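User: I have a model open here and would like to talk through a few parts of it. Could you take me through them?

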Amino acid sequence: MPGLADRDPDARGERGGQAEPRAKHAENQRIATLDQLDAASHAHAEHLEALRFRVFGFDAPHDGANARRQRVQANQLFRGMVNGCHGLCKISFPAGMSISTGGQVDTKIPGWGFSLGSGCFFLVSKTRILENAPVRRTIYFDYNATTPLDPAVRDAMLPYLGAVWGNPSSIHHVGRKARALLDDARDRSAKFLGCKPSEIIFTSGGTESNNLAIFGAARLLKTKGKHIITSAIEHHAVMFCFDFLEKNEGFEVSRLPVDSEGRVSQDDLKRAIRSDTILVSVMAANNEIGTIQPVADLGAFCRERGIIFHTDAVQWFGKEPFENIGRFNADLVSVCAHKFHGQKGTGLLFSKSPLLPVPVLFGGGHENERRAGTENLAGIIGFVEALERFVKPPVFEKKKMNELRAKLTASIEKIEGCEIVSPRENCLTNTISFVVYGADGNAMLAGLDVEGVCASSGSACSAGSLEPSHVIVAIGRGKSAMSLVRFSLGRESSSEETDFVICLLPEVVRRAKLGK
Ligand SMILES: Cc1ncc(COP(=O)(O)O)c(C=O)c1O
């Protein structure tokens, strides 16, 4: 592979004028193409991230329009890099050098790299990079997997990890104090949700709430009927409960199909319902592609027929406007804290009175005998705090999410072989999922991760799985089920971050397709 100096007349100093400073510069700077840096990075594996961070995507061909486009991209990406390094790594140009990209010269941006006017090669000083050891910027686009714990939520929890440590079931004053606080947290949650305190069962999160809702309702009502209905695109925490009931407890399961956007239709529900149907479970919003289901309609439909309706609303809370729990027309609603800046391992199941699901955990009489186990008081307090802070209005600010999403969507659509699979409308505003024909989703994720970008190939719970995404199969794109990429934006996402990702994505796609 010829080096830049062999190929480029500018770098060889044949284009007059600038030859001297460049040549001088080149003494200190290692001149590298992407491939050379790849090789170098293998030799210096410990510095791989720094090297890759610096040079990614600048190996552009030397031809008119394309070169200009690449220069503009280089400029944007360079700014992204500088922003990303801000305060962490001092970058400075040697005298006489400047970044020249697409006619824009910004000498105010100090930098150790620059692109040549004729192309988009970056000169990179390996030594300098190693000296400066820039901390790689993290771009977190995986807010559907989890969100960071908000400092105010953490602060609200802290006393319960220290001074207040009693067991709410103890009858002495230490326990009674914990009990009073637990009762208060339940009252606050009920007030927030618009339900009775007795309708709240605190759990360890979305998975447990779903298990309790489905096993609890099915087992409670099994003498009435053994037909239960769910959709084809539920989270595994719902899907596998239905599978279990079908395989092991004699229930018959109907799985509602979805359209190409992942939406369930009321007509299909109507057709599926039988005289022995006891339970329907359809999620409020899909975690993989963001589809919002018409749960209020489905719930009303079930209620008219006396059928219990459960919705997994884990992805809904904090993303869509919430008025009160009645909006779902559901008897059972699953919620968890870590999707809206609460901590992991806490959630609740709303269970509309008088429904009392059969417990799945047995032991003490906690949670009105619905869920055995000493309550996680700190977690519950944090959960309520996050509910009150981040759900009304949603912490995933719609206007901002819409703008960022539109930008990302438009650029993804321009990349050959990429196709958006998230619905255009009635979709979580933070979620953009796409498939990359001819590439493996995990290779895409690895390529993005090398650049500091955290994304996902669907459900975090099945990340790294070799199984195709059941959601993508259900929407009729089985052939591309292994190539799903999900960006899910959040509170800290910015337009600089989306610009950065927009710049590097074509190259990540190219490499993933080549299997690099
Ligand atoms: C739709 C949905 N349901 C349930 C869960 C499981 O929630 P938890 O992680 O709190 O167990 C998730 C988590 O990603 C989810 O997205």
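This is a predicted model: local features need pLDDT of at least 70, side-chain atom pairs count only at pLDDT 80 or more; totals for chains, interfaces and linings use all residues.

User: Let's start with H15. What should its residues span, and how far apart are its end C-alpha atoms?

Analyst: Helix H15 takes in residues 377-390, and at 1.5 Å a residue its 14 residues should span 20 Å, which agrees with the end C-alpha atoms being 20 Å apart.

User: Is H15 largely enclosed or exposed, and why?

Analyst: H15 is largely enclosed by the rest of the structure, because twelve of its 14 residues are buried. Among them are Leu377, Ala378, Gly379 and Ile380, together with Glu385 and Phe390.

User: Switching to the ligand: which residues come nearest?

Analyst: There are 15 residues around the ligand, and of these Gly205, Gly206, Thr207, Asn287 and Cys336 come nearest. Helix H10, residues 206-221, gives the largest share of the shell, with three residues.

User: How does that shell divide by class?

Analyst: The shell around the ligand is made up of eight polar, six nonpolar and one charged residues.

User: Which residues other than glycine have a positive phi?

Analyst: Glu367 has phi near 50°, and Asn426 likewise has a positive phi, near 50°. Glu367 is found in helix H14, whereas Asn426 is in the loop between strand E13 (418-420) and strand E14 (431-436).

User: Is Glu367 buried or exposed?

Analyst: Glu367 has 23 C-beta neighbours inside 10 Å, and therefore counts as buried, since the cut-off for that class is 20 or more.

User: How does Asn426 count, then?

Analyst: Asn426 has 14 C-beta neighbours inside 10 Å, so Asn426 counts as partly exposed.

Terms used: Residues are numbered from 1 along each chain as its sequence is written. Helices (H or I, at least four residues) and strands (E, at least two) are DSSP runs, numbered from the N terminus. The expected span of a helix is 1.5 Å times one less than its number of residues. A residue is near a molecule or strand if its C-beta atom, placed from the backbone, lies within 6 Å of it. Ala, Val, Leu, Ile, Met, Phe, Trp, Tyr, Cys and Pro count as nonpolar, Asp, Glu, Lys and Arg as charged, and the others, Gly among them, as polar.
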